[in-house]
Each structure stands twice: as structure tokens, then as C-alpha cells.
Amino acid sequence: MVVFTDGACSGNPGPGGWGAVMTCGAHRKEISGGEPLTTNNRMELTAAIMALEALTRPARVAMHTDSNYVKGGVTSWLAGWKRNGWRTADKKPVKNAELWLRLEAAAAPHEVEWRWVKGHAGNELNERADELARLGMAPFKPGRAR
């Protein structure tokens, strides 16, 4: 399973969206959504969460994100945050702790390899995930009829 995720925000905080492109062989699934008031980091996390939660059985997943926050958090910082009672190295509460817990739970049944990819660099699936994130955000932008 190959997954590309992205989050977007118009203002930070502001309306936001997330998107994911999931491929397995010839099969492809695209998912997206958004929120009226959020942050870019929350949308980046949500994209990864929603992609992993969409999987119906355990899988080997190559998870691509252009977010250093998501990749660094899941591969380097999460264990320390848990050891420190969800406090950062400078003793402040970890931002988005509930989403980190949800991401950890969503990843648990799978064998996930976290890969960073440069955003806006012409990678077709990363560009599509970005487009899906912007589409997910669109209904929440000011001036849009709901």
C-alpha cells in the first residue's frame, strides 16, 4: 500500500482541509475532508489518520508526507512525549496530543514506513494529495455558500 497525504490551511488557524491518495497495485482510492477552524499541523495529522483508518485490514504501508512535523513526531518525538507524560522537552504540553494518540492507534495494526517527500516539487501523488486537501478546505472558506 502506498499512501500520500497532505494538509492545507487558509490562515493558521483558519479553514483547513486534508487529503490522501491511497494506491495498491492498480487500485486507487482518494479521500478528503476539512474543518472550519483548524491549523495546518492538525490537517497534516488528520490526513495520515484518515488514510490509516480507511484501511480495512492490516497492511504494509509506505506513508508519504511532506510534513516534517508529522514524520518527526511519529518517528522521533512520540516515544519521548509519552515517557514525559505528554510534555515536550521544555515541559510544555504537547500540541495536538489527542491526534497523536489517534495516529498511533490508527498505525498500530499496520507496518508503516514513514517517508518524507518534498512538497510542491512535481511528485504526482503528492500534488494530488495537496489538491484533495484544498478541495476539502473549500467548503469552509469565507464566502462559500454552505
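Axes are lines fitted to C-alpha atoms, for helices over the stretch in contact, and angles run from 0 to 180 degrees between N-to-C directions. Helices (H or I, at least four residues) and strands (E, at least two) are DSSP runs, numbered from the N terminus.

The model is predicted: local features need pLDDT of at least 70, side-chain atom pairs count only at pLDDT 80 or more, and totals for chains, interfaces and linings use all residues. Residues are numbered from 1 along each chain as its sequence is written, and side-chain values use heavy atoms, with hydrogens and water left out.

**Exercise 1.** Describe how helix H1 and helix H3 are placed relative to each other.

Solution.
- Step 1: The axes of H1 (residues 40-54) and H3 (residues 97-107) come within 9 Å and cross at roughly 25 degrees.
- Step 2: Angles under 35 degrees count as roughly parallel, over 145 as roughly antiparallel, 65 to 115 as roughly perpendicular and the rest as oblique. H1 and H3 are therefore roughly parallel to each other.
- Step 3: Contact means heavy atoms within 4.5 Å. On H1 the contact is made by Arg-42, Leu-45, Thr-46, Ala-48, Ile-49, Met-50, Leu-52 and Glu-53; on H3 by Glu-98, Leu-99, Trp-100, Arg-102, Leu-103, Ala-106 and Ala-107.
- Step 4: Sorted by class, this contact has 10 nonpolar, one polar and four charged residues. Here Ala, Val, Leu, Ile, Met, Phe, Trp, Tyr, Cys and Pro count as nonpolar, Asp, Glu, Lys and Arg as charged, and the others, Gly among them, as polar.

**Exercise 2.** State which elements the protein contains and in what pattern they follow along the sequence.

Solution.
- Step 1: The protein has four helices and five strands.
- Step 2: Along the sequence, the pattern is β-β-β-α-β-α-α-β-α.

**Exercise 3.** Decide whether Thr-23 is buried or exposed, and do likewise for Trp-116.

Solution.
- Step 1: Buried means under 20% relative accessible area, exposed over 50%, partly exposed in between (1.4 Å probe, protein chains only).
- Step 2: Thr-23 lies in strand E2 (residues 14-24). Its relative accessibility is 16%, so Thr-23 counts as buried.
- Step 3: Trp-116 lies in strand E5 (residues 111-116). Its relative accessibility is 41%, so Trp-116 counts as partly exposed.
- Step 4: Leaving aside neighbours within four places in sequence, Thr-23 is in contact with Met-1, Val-2 and Arg-28. With that same exclusion, Trp-116 is in contact with Thr-65, Asp-66, Ser-67, Asn-68 and Lys-71.
- Step 5: For the whole protein, 45% of the 146 residues count as buried.
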